[in-house]
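Me: I would like to go through this structure term by term. Please set each value against its definition.

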Amino acid sequence: MKLADNKATLSFSNGSPSVELPVYQGNVGPDVVDIRKLYAQTGMFTYDPGFLSTAACQSAITYIDGDKGELLYRGYPIEQLATQCDYLDTCHLLLYGNLPNAEAKAKFTKTVTYHTMVNEQMQFFLRGFRRDAHPMAIMTGLVGAMSAFYHDSTDINNPEHREISAIRLIAKMPTLVAMAYKYSAGQPYVYPRNDLSYAGNFLHMMFATPCEEYKVNPVIERALDRIFILHADHEQNASTSTVRLCGSSGTNPFAAIAAGVACLWGPAHGGANEACLTMLEDIQRMGGISKVGEFMNQVKDKSSNVKLMGFGHRVYKNYDPRAKLMQETCKEVLTALGLENDPLFKLAMSLEKIALEDDYFVQRKLYPNVDFYSGIVQRAIGIPVSLFTAIFALARTVGWIAQLNEMIGDPEYKIGRPRQLFTGSVKRDVPPVGAR
Ligand code: CMC
């Protein structure tokens, strides 16, 4: 972060003295006005619910240019990573800042692979849940419970603990998601297999049974790996900010990541993939493409509270680059599985076409986001709709950890403590019961 040549001056119409505020420049993207001393200098806070104009930290991990529709992990465009690298390359990049060479890749893969098994006791913890529990409810519990099962790596201030907890989380998330699925399906858990790729092992744990061999389909394996890459990080979104805020108290990494999982669940964030597929299925039930016009009228009617799920983004005011890649993957998977005429895919394409030409969406710069097509791919692979967000959590875990570790290593890091504009009752006395 470097000091800009110019400064910002804040002046007041009531004659209070104006204050000069330093301005900092990043390597790319908007400059920031440093308001840290504002309260000490003026007795005033800034007001920015929803963080519309507030940079809560400095970060060197992920950069998004929302107007251009550009996403870079450590400087590398998502399109190149999605087509030239795999998920473990991406994890290495996000965690350590560089793409691994062949030797580093082999070492990293081996380390992750040899941590995929979870403590056998965790299955008994999992058994405490109802079989019909939502997988995200289970994942919030299981990830939080990791701090009870792996308490030898819970000191956030110890770099070795941070490293081993990072590897454990990346390695064990697929095992936990697959266990949550098997539990809901009433099937036996399938142990990880070290001879398979990260995505291949996940597919095997999801779909193998003790009764017959499951062969990983390479097209599906690649598609899933791409889903993981596209979801791996997305700078200071709601769940990542939750992880940072939670971790800022010095809590252990598993607890901080569990907070991220809980935040991701919401339909405005990671829950949108599930909500999007449910929306497509509802429209299909109502009559499919012939009902798109009617549905769009509801979306545009502000009193209806209906949103076009998988559309719109706080940062992207252009096509989400992940949505483009996901649309490609969607076509590949449907073709490989002989589902080219999938009615939900056709419906999604038709909704997208109408929305991209409609004034309501054009004026508000609403474009498809990553969740618009990811649900169709996952459904084609055979993943149940209720598990979509858990797969997002699995993939985002590396981003959460990289961001958490970056925060701990930042000499400027402090416990997060937002302030408020108080609008409640001023001081008053408790009246006697009879007078209330
Ligand atoms: N359908 C209809 N109208 C929309 C939509 C949508 N999907 N998204 C935004 N709008 C409207 C919104 O009503 C508002 O209209 P007006 O100016 O007339 O009041 C305008 O567009 C600006 O929207 P906003 O709600 O102020 O934007 P935001 O930045 O606060 O919200 C969002 C971003 C992602 C929460 C929102 O676009 C949304 O709810 N989208 C649907 C859910 C979704 O797909 N979420 C996944 C996000 S990408 C994956 C992830 O990172 O988790």
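Reply: The structure holds zero disulfides, a disulfide being a pair of cysteine sulfur atoms within 2.5 Å. This is a predicted model, where local features need pLDDT of at least 70 and side-chain atom pairs count only at pLDDT 80 or more, while totals for chains, interfaces and linings use all residues. Residues are numbered from 1 along each chain as its sequence is written, and side-chain values use heavy atoms, with hydrogens and water left out.

Me: Why is Cys-91 called buried, and Cys-246 partly exposed?

Reply: Buried means under 20% relative accessible area, exposed over 50%, and partly exposed in between (1.4 Å probe, protein chains only). Cys-91 has 0%, so it is buried. Cys-246 has 25%, so it is partly exposed.

Me: What makes S5 and S6 a pair?

Reply: Two strands pair if DSSP finds at least two bridges between them; strands are DSSP runs of E, at least two residues, numbered from the N terminus. Two bridges join S5 (residues 70-73) to S6, and these strands run antiparallel, so the pair meets the rule. Tyr-73 has Tyr-76 in S6 as its bridge partner.

Methods. Helix = DSSP H or I, 4+ residues; strand = E, 2+ residues; numbered from the N terminus.
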